Amino acid sequence: MAAIYQAVCRRASSLSCRLHSTYVRKMRYLNELKEDDSLCRQAQTSGTFYLFHNLSPFLQKVGKKYLVPQLSAAEMKRILEKFRETEQRIEKSVLIGCSDEHIPHFALDLGALEKSVIESELKGSFTDLRKALFVVDGKDSPLLASAQSLLRWHDSHQYCGKTGQPTQKNVAGSKRVCHASGITYYPQVSPVVITLVSDGSRCLLARQPSFPRGMYTALSGFCDVGENVEEAVRREVAEEVGLEVESLWYSASQHWPFPSSSLMIACHASVRAQQAEISMNGLELEEARWFGLEETVEGLKREPRSSKQDDGSFLPWFPPKQAIAHQLISEWVKQQTS
């Protein structure tokens, strides 16, 4: 009986620790902010703000590093007053997270104000998000991506699809409501499969015409309605390069804000070496080819600027470390060399 009692106590103690962990408290606090407008409005007076201008995040360059500044509520108020904006502009911000100390983080787009004047005042620049994601610290990339996706969603969902009437954003920005119909709209993400195909000794990489010159990456495509991940992978590989996937396995996932708000579901897939002849879909791809281990390793090391050769051609290079495609390619190399 004593042993049972001790086991129950240990289980209860473990449960209590989990319920009161920093992560659990933070998640519950964020949920309260999303559900309680008055609490979230109060949090805006003590939180920090990430700035955007027409969906481009604000960065500051310090030495060789690019930093994502967080403006205090007081600094945000000062900036708005300087540009003769009312504090009601804060209501357009969206909640994107909080620190372990429960300091809430908001994102605010100042697209209505003069960009160059803001940049001069704050000594930084608004940068295209695609570029920003690859120069900022890894911990900031997900926040910027989530913030832009949420800001874009609010900008494109200001009216109800059923009634045509304006929708109203809650303070946190976690939803919009059409009071005429009673419909509540929530931000949605689009699932995308990104797949590194291998025939055992080579991996398949491709490029689209819109890619920077020399860049190759894994195959990717949106999931169709009714498809599961496995079906989407098999279909995309068949459509784009004319190969039939024999087996596949999941690697990881990543939020990716392009073209809108996507959830990248990364997988490895294998095809038979005897049936590895590529039949490329020219409507979607500019080139697709097999890469051996040595060439893949070199491509991972190569930077875009160093890929251009004297004759104007470009050596292959791959997405940077922040992209999940880089992780897939690195995993394949590790598997080949282990």
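**Helices, strands and overall span**

I began with secondary structure and counted 10 helices and 16 strands in the protein. I note here that the model is predicted. Next I looked up the extent of the C-alpha trace. Along its principal axes it spans about 75 × 65 × 50 Å.

I then asked what share of the 338 residues is buried. The figure is 42%. I also checked contacts between residues at least 6 apart in sequence. Of these, 63% join residues at least 24 apart.

**Two domains**

I looked up how the protein is divided. Domain 1 covers 22-157, and domain 2 covers 190-337. I took their centres over C-alpha atoms and found 33 Å between them. How many residues of each domain are in contact with the other? I found 11 residues of domain 1 in contact with 10 residues of domain 2.

**The largest pocket**

I turned to the largest pocket. Its space comes to about 1,600 Å³. I counted 47 lining residues. Nearest the centre I found Phe-134, Met-215, Trp-317, Pro-319 and Pro-320.

I sorted the lining by type: 26 residues are nonpolar, 10 are polar and 11 are charged. Which element gives the largest share of the lining? It is strand S13 (residues 219-222), with four residues.

**Nonpolar cores**

I looked for the largest nonpolar core and found 37 residues in it. Leu-144, Ile-194, Leu-196 and Leu-205 have the most contacts inside this core. Both domains take part: domain 1 (22-157) and domain 2 (190-337) each supply at least three residues. I also noted a second, separate core of 26 residues. Among its members are Ile-79, Leu-113, Val-171 and Ala-172.

I followed up on Leu-205. I left aside its neighbours within four places in sequence. Its contacts then include Leu-196, Tyr-216, Thr-217, Ala-218 and Glu-287. Ala-288, Arg-289, Phe-291, Phe-318 and Ile-329 are also in contact with Leu-205.

**Ser-307: a buried loop residue**

I picked Ser-307 next. I found it in the loop between helix H9 (293-301) and helix H10 (324-337). Is Ser-307 buried or exposed? Its relative accessibility is 0%, so it counts as buried. I listed what it touches, not counting residues up to four places away in sequence. Ser-307 touches Arg-302, Ser-313, Phe-314, Leu-315 and Trp-317. I had already met Trp-317 among the residues nearest the centre of the largest pocket.

Arg-84 sits in the loop between helix H4 (73-82) and strand S5 (94-98). I read off 81% relative accessibility, so Arg-84 counts as exposed. I checked its distance to Leu-113. Leu-113 is one of the residues of the second core.

Val-135 has its place in the loop between helix H6 (129-132) and helix H7 (141-156). Its relative accessible area is 38%, so I wrote it down as partly exposed. Which residues does Val-135 touch, not counting those up to four places away in sequence? I found Leu-59 and Tyr-66. I also looked up the spacing of Val-135 and Leu-59. They are 76 residues apart in sequence and 9.9 Å apart in space, C-alpha to C-alpha.

**Positive phi angles**

I ended with backbone angles. Most residues other than glycine have a negative phi. I noted two residues with a positive phi.

Asn-54 is not a glycine, yet its phi is positive, about 50°. I found Asn-54 in the loop between strand S1 (48-53) and strand S2 (56-62). Asn-54 has 53% relative accessibility, and the cut-off for exposed is over 50%, so it counts as exposed.

Lys-123 is not a glycine either, and its phi is positive at about 55°. Lys-123 lies in the loop between helix H5 (115-122) and strand S7 (125-126).

Technical notes. Residues are numbered from 1 along each chain as its sequence is written. This is a predicted model: local features need pLDDT of at least 70, side-chain atom pairs count only at pLDDT 80 or more; totals for chains, interfaces and linings use all residues. Side-chain values use heavy atoms; hydrogens and water are left out. On a 1 Å grid over the protein atoms alone, a cavity is a set of points where a 1.4 Å probe fits but cannot get out, and a pocket is an open set with protein on both sides within 12 Å along at least five of seven lines; lining residues have an atom within 4 Å of a point. Grid points are joined across faces, edges and corners, and a volume is the space filled by probe spheres set on the points. Ala, Val, Leu, Ile, Met, Phe, Trp, Tyr, Cys and Pro count as nonpolar, Asp, Glu, Lys and Arg as charged, and the others, Gly among them, as polar. A nonpolar core is a set of buried Ala, Val, Leu, Ile, Met, Phe, Trp, Tyr and Cys residues joined through side-chain atoms within 4.5 Å. Buried means under 20% relative accessible area, exposed over 50%, partly exposed in between (1.4 Å probe, protein chains only). Domain bounds come from an automatic or database domain assignment. Contact means heavy atoms within 4.5 Å.
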